[in-house]
Amino acid sequence: MIPSSESLAANDYSLTVFSSKVDAAEKKPDTRNIEEAELSLRESSSLNYEEARALLGRIEYQKGNIEAALHVFEGIDIEGITPKMKLTLSKRVDRRKRRSNDYASPPMSIHAVSLLLEAIFLKAKSLQHLQRFREAAQSCTIILDIVESSLPEGLPENFGSDCKLQDTLIKAVELLPELWKFGDSPHEAILSYRRALSHQWNLDAETTARIQKQFAIFLLYCGGDASPPNLRSQMDSSFVPRNNIEEAVLLLMILLKKVSLHRIEWDPSILDHLSFALSICGDLRALANQLKELLPGVINRKERYKFLALCYYGAGEDSTALNLLRKLLHSSEDPHCVPALLMASRICGEKSNLAEEGIDFARRALESLDDECSELEGACNLLLGVAQSTHSKSALSDSERVSRQSEARQALESAWKITSMKDPNILYYLSLENAEQRKLEAALYYAKFLLKLEGGSNIKGWLLLARILSAQKCFVDGETVLSAALDQTGKWDQGELLRAKAKLHIAQGQFKSAIETYSQILAVVQVQSKSFGSGKRLHKDGSLRSFELEIWHDLAYLYISLSQFRDAEICLSKSKAINSYSAVRNHATGLLYERKGLLKEALKDYWNALDMDPNHAPSLISAAIVTRQVGGQSNAAAKSLLMNALRVDRMNPSAWYNLALIHKDEDTRSSLHEAAQCFEAAAVLEDSAPVEPFR
C-alpha cells in the first residue's frame, strides 16, 4: 500500500509519547478515515505515501496528539503533489463542462485531493494550537492558492459535494484571516478577508455574512489604515471605499440589506458596529436611513423611535428627533422612558421657545426614576437647570427672571452634590450659570475646580476660565491660562483658544498682536482645509468654513475700529465668498459705512441684517443709534429697537447705555430716574463684561 521502505507506523509511533494533548481523554478516530482510504483504493488501486501520511496525521490530530500529527503532516511533500492536485481539479471541471470521458484520466482521484487538502488544513490547525500563527497562515494559504489557480473562475455549484473538499475549503477561507490577525499581520489579514469575499468559493450565506462581519469589525478597531481595495471587477461608476471606515460601513450595510431580504438571521451587533462607524465619520443621517429600511419586527418599535431620534439629533435635525421622542413619550407608548425624557429635555433645554417643555421633560424624568441611581438623578437635575436657565432669559419682569435664575442655580447645585462633585459637565454649567449672572467669584471657583477635575483635557474648561478672568479684567492671567491650554492642545484644535487670545490682545490695546494671532488662525484653517477637506471640524459649533467666516468678521471689526477701511473691505469680501447670506457681515458693512459718515447706507445694511436675523442684538442696537442720528423719526422707534435688543441679550451694556441716552433726552423726572438706572446697569455690566460671550 505504501511504495516506500520507510514504515510510517514505526517512525511516528514513538512521537505519540511526547505529543501534546488538546483534550484530557483521547478521541476515537471516526470511520471517515477508513472510508477515505477505501475510496482512494477503489479509484487508484493504491494508497500512496502522501495519502497514508494524511490519514495517519488525521488520526493523531483526532486523538489530540498535536505534535505527532504535525510531524506526520510535515512529511508530506506538498510542493511535489501540488501540480497533480491542480491538474486533477481543473480536469474535473472540464469533465463537468464537457460531460464526456474521452480524454486522459487525472493524475489523482478527487478523494485523494480532498484528503491531502484536509491534511494541509489540519497542519495549519496544529500549528495554530502550538501558537505558530504565521506558519499556520502560510499553510492555510496553500489550500486557497491551489484551488484558486486551478479554478480561476471559481468553484462550480456542488463541486466536491461527494467528498470533504468543499467543507475543508470553507474552513480554510474562514480561518486564514484569523491566523494572520493572531500573527500580528494586519495587512495580510485584510488581504485575506478581501480574497475570501472576492473569489467564488461556494460559501453559504451564513459563512459569507460571518466573514463580512468579522472583516468590518477588524477594519473598525484594528488601529491601522488599510490601502483601498483594488478590485478587478470594479466598474468605473462603482463606489470604491477610500479608507477603513468606508469599507467597514459598506460591509455592514450589505449585511443589513441581507437581513431585510431574509437571507440571514437578524444580528443586533451589526447595528451596533454600524452605529459606531457612522458616528465617528459624522454621517448619522445615513444610519437613520438604514434603520428605516429595516422591516417591521426586526427591532422593537419603541427602540426604533429611540434609535432614530438619536440619529437625527446627532445629525443636527433636532426638530425631527424631538417629534420622534414626543411619539415615544405619548401616553399610549412609553411615557416613563427615562433616556427618551432626558434626550427630549436636552434638545429643548437650550432653545428659548422650547425651554418650558424641556423643564417638563426633566421633571417627568425625575418622577420616573425607580431606583436610587445618582448618575441619572444628577443628569435630570443638570438638564432641569439648563432648561430653567434658558427659560429665565425670556422672563418679562426682573423679579420673574431672578426667580428662574435662582431655580436654575439650585437645580445645578443639587446635581453637583448628588454626583459627589465628580461630573465635569455639571460643573461646567454651574460655572457658566454663575458667570452669566455676573457672580464671577463663584464662577471662577467652579471653573478652577472643573479644570482640576478634567486635568486640563477639555478646551471648554480653559476657555470658560479665560473668559471669567477677562470679565474680572485680569487680562494677563487670562492670557496665561490660554497659553497653558495651547501648550496642551494639538494645532488642529487651537482655533477657539487663539481666537480668545486675540480678543484679549484687543482688550489690552495690543492690536498688532491681535492681527498676528488672527493671521495664525487663518493659516491653520487654510492648511487644514487642504489636508482634511471642508468637512473636518475645528470646533464644536460648526464646520471649518463657518469658523473661518467668524475670523474674517472679527478682523473686519478690528480694522473698522482702527479706521483701516480698505483692509476691512478685503475681510468682508473674503467673508462674502464663503457665505453671502450673513447677518453679521451686513452689520459689519453697516458699521463700516457708519464710520465713514454714510449713515443712510449704514442703516440700510442694518435693516438687511435684521431681515436675515430679527434677533441679531448688535444690528438692533446699531440701527437704534443711527435712527436717532439720521433724525426725522421719534425716539419711540429707537427705544423699541433697544428694548428688543435687551430682550435678546439682557446683559448688553451698549443697549442699556443707549437706552439711558433716550430717557435722558426725554427730560422728565421719571425718564431721568430711568436714565440713571440704565446708566448704572450699563456701567456695572461694562465693568464685568468678558472679551467674548461666556456661552
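**Helices α3 and α6**

I looked up how helix α3 (residues 49-63) lies against helix α6 (residues 110-129) in this predicted model. Their axes come within 9 Å and cross at roughly 45°. I therefore noted α3 as oblique to α6. The crossing in which α3 passes α6 is left-handed.

Next I listed the residues that make the contact. From α3 I have Glu50, Glu51, Ala54, Leu55, Arg58 and Tyr61. From α6 I have Ala112, Leu115, Leu116, Glu118, Ala119, Leu122, Lys125, Ser126 and His129. I sorted the residues of this contact by type and got eight nonpolar, five charged and two polar.

**Confidence**

I then checked the pLDDT. The protein chain averages 83, and 87% of the residues score at least 70. Among the elements of the chain, helix α28 (residues 583-596) has the highest mean pLDDT, 93. The lowest mean, 37, belongs to helix α1 (residues 8-13).

One is residues 1-29, with 50 contacts in the model beyond near neighbours in sequence. Another is residues 41-45, for which I recorded seven contacts beyond near neighbours in sequence.

**Aromatic pairs**

My count of aromatic pairs came to ten. I looked at one of them, Trp416 and Tyr446. Trp416 sits in helix α19 (residues 398-418) and Tyr446 in helix α21 (residues 440-454). The two residues are 30 residues apart, and I noted that the pair links distant parts of the chain.

Methods
Residues are numbered from 1 along each chain as its sequence is written. This is a predicted model: local features need pLDDT of at least 70, side-chain atom pairs count only at pLDDT 80 or more; totals for chains, interfaces and linings use all residues. Side-chain values use heavy atoms; hydrogens and water are left out. Axes are lines fitted to C-alpha atoms, for helices over the stretch in contact, and angles run from 0 to 180 degrees between N-to-C directions. Helices (H or I, at least four residues) and strands (E, at least two) are DSSP runs, numbered from the N terminus. Angles under 35 degrees count as roughly parallel, over 145 as roughly antiparallel, 65 to 115 as roughly perpendicular and the rest as oblique. A crossing is left-handed if the near helix is turned anticlockwise from the far one by less than a right angle, and right-handed if clockwise. Contact means heavy atoms within 4.5 Å. Ala, Val, Leu, Ile, Met, Phe, Trp, Tyr, Cys and Pro count as nonpolar, Asp, Glu, Lys and Arg as charged, and the others, Gly among them, as polar. pLDDT is the predictor's confidence in each residue, from 0 to 100. Rings of Phe, Tyr and Trp (its six-membered ring) pair if their centres lie within 6.5 Å; planes under 30 degrees apart count as stacked, over 60 as edge-to-face and the rest as tilted.
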